[in-house]
Amino acid sequence: MKKLLYVLFCSIIYISHAQTFTEQDTLRGSITPERSWWDLNYYHLDIDVDPKNKFISGTNTIRYKVLTEKKVLQVDLQPPLIIEKITQDGKTLDFTSNGNAHFVTLHKQQKVNDHNEIIVHYSGHPKEAIKAPWDGGFSWKKDSNGKDFVATSCQGLGASVWWPNKDHMYDEVDSMLISVKAPKGLMNVSNGRLRKIDKKTNTYHWFVSNPINNYGVNVNIGDYVHFGEIYKGEKGMLDMDYYVLRNNLEKAKEQFKQAPKMMEAFEYWFGPYPFYEDSFKLVEVPYLGMEHQSSVTYGNQYGNGYLGRDLSKTGWGLKFDYIIIHESGHEWFANNITYKDIADMWVHEGFTMYSESLFLDYYYGKEAASEYLLGIRNNIRNDRPLIGPYEVNKSGSGDMYNKGANILHTLRQIMEDDDKWRATLRGMNEEFYHQTVTSDEIEHYLSVQMGGDFRPFFNQYLRTTKIPLFEYHMEEDILTYKYHNIVEGFEMPLRIFIEDEPVWIKPTSQWQTLKTKGDLGTLAIDANFYIEIKENK
């Protein structure tokens, strides 16, 4: 009966929560029947960007493999952009629109395993980003010399805010050509490697040879100058290229010395950079920055910290440029390992916020890393669970950054063996190399590496806002203790210190006792575990 009541209670919560979402949320956030029958293979995005009129126009060629014989295909493009026409094999196709979703009726028979393509012609004034990168769209700015300075950003809102595509994260395109016509005298920098420049039209052709998520695709136009270096990495020689505004060249040459230091630390912890074939780039933009794959954007004003601030308030946050380190960390967690549904965005942000501490660990030691993580712990609000509702394009709490990092830090303490922890992080980037994943898959992988059932642990920290409360009482040589405020089955081991000696205990929801020969007056609970503490006097 209790189980039935619990199921009914969860159903009521789900229904009341689901009522806040619209049909458009479902069309954007779910694998609809019109998406599921075809597998995305290749894009050629070919556009003309007109900063003067804040206007774009062009085509996207969408190549796909037929999985099931169907006739209607969903393409996404957000107003005020309009689809002018869609063709297949030179023939114009009919389509109907429902908000951002456009349903294309195909003429030819779609045979299983065939590779077909459609070409979408579109144009218009794309949404202008007011506070990029959080709201998404085009940033139409000017540099200090009055020249156009343009960039895109679109995570969450969707890549369809500026180009037509299959706008769901579960199906990454295998490779992509990005052709951008820029104003004369300016350069476009996009993802992958520059194949050629058409000097007559000032069109830049960039090719991405690895799978790429759609929000990772970007356009950056400016009066750029280039410098670079070759990094000797785990997979050989890696091209590291930097594109910055002309007036900022000297500042960039100094600040970007952190880029190879980042690469060294992250290859140590996470394994080889996942996109050697496409190179690594830092590209200056008129907003803070974003993790665009192999084209990481930068706007942190050439200073350490987060716009000069230490998010941890410990001093350690000023030892590195937040955007160089954080956004580059996303090459492993967001671009190599990518969420299927934005509800699991903690997989991107939790691991990447945690990567900042590992950068500190590599160069300044384990204690520095711990101090940084304990500092950012103070920014956790516990307003909502980290995992959001599925299939409606809705992420969980912004705590996915700070809390997500502290969850991983706690797991490291439980594992104890730092070499094994490093092998776990590297192994994850091998296991899920160039894949889209669910949180469940990541949780299962970590549980296997931890050697136990950690489902209650993840349910506690990811799916509730409850923080375990460790309650204890000391009387002479007896320590009495238990956990409060926990989900069923939560039994996380905890390290305490008595006379500076580590002692492991395994609190549960039931009172337990520990008799010790040491002086309980010296008791200290390891602060690296993300819990709350209450002593009963």
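Helix H5 is followed by Gly271, whose phi is positive, near 100°. This is a predicted model, in which local features need pLDDT of at least 70, side-chain atom pairs count only at pLDDT 80 or more, and totals for chains, interfaces and linings use all residues. Residues are numbered from 1 along each chain as its sequence is written, and side-chain values use heavy atoms, leaving out hydrogens and water. Helices (H or I, at least four residues) and strands (E, at least two) are DSSP runs, numbered from the N terminus.

**Helix H5**
- Among the buried residues are Met262, Phe266 and Trp269.

**The open sheet**
- Five strands line up in the order S16-S17-S18-S20-S19, with mixed pairing (two strands pair if DSSP finds at least two bridges between them).
- At the edges are S16 (224-233) and S19 (289-290), each pairing on one side only.
- S18 (residues 280-284) and S20 (residues 296-298) pair in the parallel sense over three bridges; the partner of Val283 in S20 is Thr297.

**Around Thr32**
- Thr32 sits in the loop between helix H2 (23-29) and helix H3 (33-36).
- Thr32 counts as buried because its relative accessibility is 5%.
- The side chains of Thr32 and Gln74 are joined by a polar contact of 2.6 Å (a pair of N or O atoms within 3.5 Å; within protein, one must be able to donate a hydrogen and the other to accept it, and residues adjacent in sequence count only if both atoms are side-chain atoms).

Definitions and conventions
Buried means under 20% relative accessible area, exposed over 50%, partly exposed in between (1.4 Å probe, protein chains only).
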